[in-house]
Amino acid sequence: MTRSFQAIVVGAGPAGSSAALSMARAGLDVALVERGSFPGEKNMFGGVLHRLPELEKIFPDFWERAPLERHIIKKGVTFMTGDSSFNTTIEAGSFDKPPYNGYTIFRPRFDAWLADEAVKAGATLITRSSVEDVLQDNGRVTGVTIQGRKGALKAPVVIAADGVLSFTALKAGLRRPTFDAGQMAVGVKALIDLPSDLINERFGLVREQGFANEFVGCTSGVRGGGFLYTNYDSLSVGLVFHLGSLKSSGKTPYDLLNEFMEQPQVAKMVRGGKLREYSAHLIPEGGYDMIPELFGNGILVAGDAAALCNATGLNLEGINLASHSGILAGQAVIAAHKAQDFSRKGLSSYKKLMDESYVMKDLKLYRRAPKMLHNNRIYNEYPEMVCSVMESLYRIDGGAKENLSKLFIKAAREKVGIKNLAADGLSAWRAL
Amino acid sequence: MNIDEIFDFTSFTIDREPHIVLDTEVCVGCDSRGCTNSCPARCYTWNEEEKKMTFVHDGCLECGTCYVVCDRKAFTRWRYPRGGFGVAYRMT
């Protein structure tokens, strides 16, 4: 059976559901198509949900409504090497007051909630439906077909929010047919059960306060990093690798994850926990230069499908950018309906809204970060250097002390070389 | 965590019809076979003695890694499972 809508959104993740929500609230008849048996079933991330300014306009009491785990009050970075590690932590009082700065969430719960809000606003959610093809008429997208179903879903405009590989954008001719492994990362994650009072004791938290920590130097030479986040009564522990580097290393993500969890400092954090779920996903980490065409005749692309991910080394942003782009795509469709113009030109307001938003501004600002992070020394030599300097600084064993700058230069010369240090410093300065 | 016990900790609704089909003849001529180590679910195994690639779609996490790392275009089909099938995360 063929059904007609005023707009079709492919994918009920943060981008798709935000788009559907904004359009449905404006009175449009929207289909939200999801391949999982419920929204969120296929989705994982290894991250923190950051502020969602556009969504907070719709839900001013966002943190009261959304199914969140803990709000992050403490963020840390750990430089690791062998059995030594150097930690930096920021704990800010302002992070403990609403509007909170970030949360841990479970995607199967959060994504299901957001899609449900779109449904409450009037969107039609169609689950268990994998999009097979994009219908086109004279070079204009007019709908989609569903695998294993007869008929089609028709609409004058489709929003592709179907994730990192976006076959919808591919079929509409908006993304290139192949990806570069150098622009992708893969994340693997173990979800570990741990009682909430034990989490509070272990990480110095009370109530629903949360801790998020990143690790460098824990990936056996593969370019990448680790993370550990506290959920309400579980921990998310995982690793993210640059795909090209993982591929050529010959190492496997699960062996590296096991090694990471057995590393003495991490082992103490996860001790007594029970593995509940293992998950993995690709992350589009190519930054600004990876972004495909954002719009065409009758089609817009949002979220991971548009490679909207900001990986600067310190923060990893994705869901916030996805949700924001989804809402802006929805606004462009609402404008296109008013003007009854779904051509490339009619939908071009999306690009304009995006360029004016923090999404594109940030991605442009950090345009050089992906290249800067393709430097093996960041993942081996620098963590070693930091740990070695700090170890020497704190070692009091009767030997005469060296001054800090000498210590630092000696460690730099041994581990990375002065020339490399200068070049890397300049590259980081430019990128960040 | 033992990856071979993936079905003990991650849920799947397995479709008999594979969503990914591999022309394993192409893999014989591949010199990197990055799929075998990069796949987070160990769906790809290379047998050096028999010079044979084996792919099992059952425990596929639908992450997309193989789609990107395969530089021989060895897939005759690469799509997501039919609606309602495949990996089913509960709390990740």
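Predicted model: local features only at pLDDT ≥ 70, side-chain atom pairs only at ≥ 80, totals over all residues.
As background, most residues other than glycine have a negative phi. R42(B) has 17 other C-beta atoms within 10 Å, which means it counts as partly exposed.

Chain B has another residue of this kind to show you. K51(B), also not a glycine, has a positive phi of about 50 degrees. Its place is the loop between β3 and β4 (52-55) of chain B. Is K51(B) buried or exposed? Exposed: 10 other C-beta atoms lie within 10 Å of K51(B), and the cut-off for exposed is 12 or fewer.

On confidence, chain B has a mean pLDDT of 95, and 100% of its residues reach 70 or more. The model as a whole scores ipTM 0.97 and pTM 0.95.

Next, the backbone of chain A. The peptide bond from P98(A) to P99(A) is cis, with omega near -5 degrees. P99(A) belongs to the loop between β6 (84-91) and β7 (102-103) of chain A. Again as background, most peptide bonds are trans.

Staying in chain A, look at a helix pair. Helix α1 (residues 14-25) and helix α4 (residues 107-120) of chain A have axes that come within 8 Å and cross at roughly 20 degrees. Angles under 35 degrees count as roughly parallel, so α1(A) is roughly parallel to α4(A). The crossing of α1(A) past α4(A) is left-handed.

Which residues make the contact? From α1(A) they are P14(A), S17(A), S18(A), A20(A), L21(A) and A24(A). From α4(A) they are D111(A), L114(A), A115(A), E117(A) and A118(A). Sorted by class, this contact between α1(A) and α4(A) has 7 nonpolar, 2 polar and 2 charged residues.

Last, the contact between the two chains. How many residues does each chain give? Chain A gives 42 residues and chain B gives 28. On the side of chain B that touches chain A, the elements giving two or more residues are α1 (6-9), α3 (34-38), α4 (65-69) and β6 (86-88) of chain B. Of these, α4(B) provides the largest share, 4 residues. By class, that side of chain B has 16 nonpolar, 9 polar and 3 charged residues.

Note on methods:
Residues numbered from 1 in each chain as written. Chains lettered and ligands numbered in written order. Axes fitted to C-alpha atoms, helices over the stretch in contact; angles between N-to-C directions. Parallel < 35°, antiparallel > 145°, perpendicular 65-115°, else oblique. Left-handed = near helix turned anticlockwise from the far one by under 90°. Contact = placed C-beta atoms within 7 Å. Nonpolar A, V, L, I, M, F, W, Y, C, P; charged D, E, K, R; others polar. pLDDT = per-residue confidence, 0-100. Buried ≥ 20, exposed ≤ 12 C-beta atoms within 10 Å, placed from the backbone.
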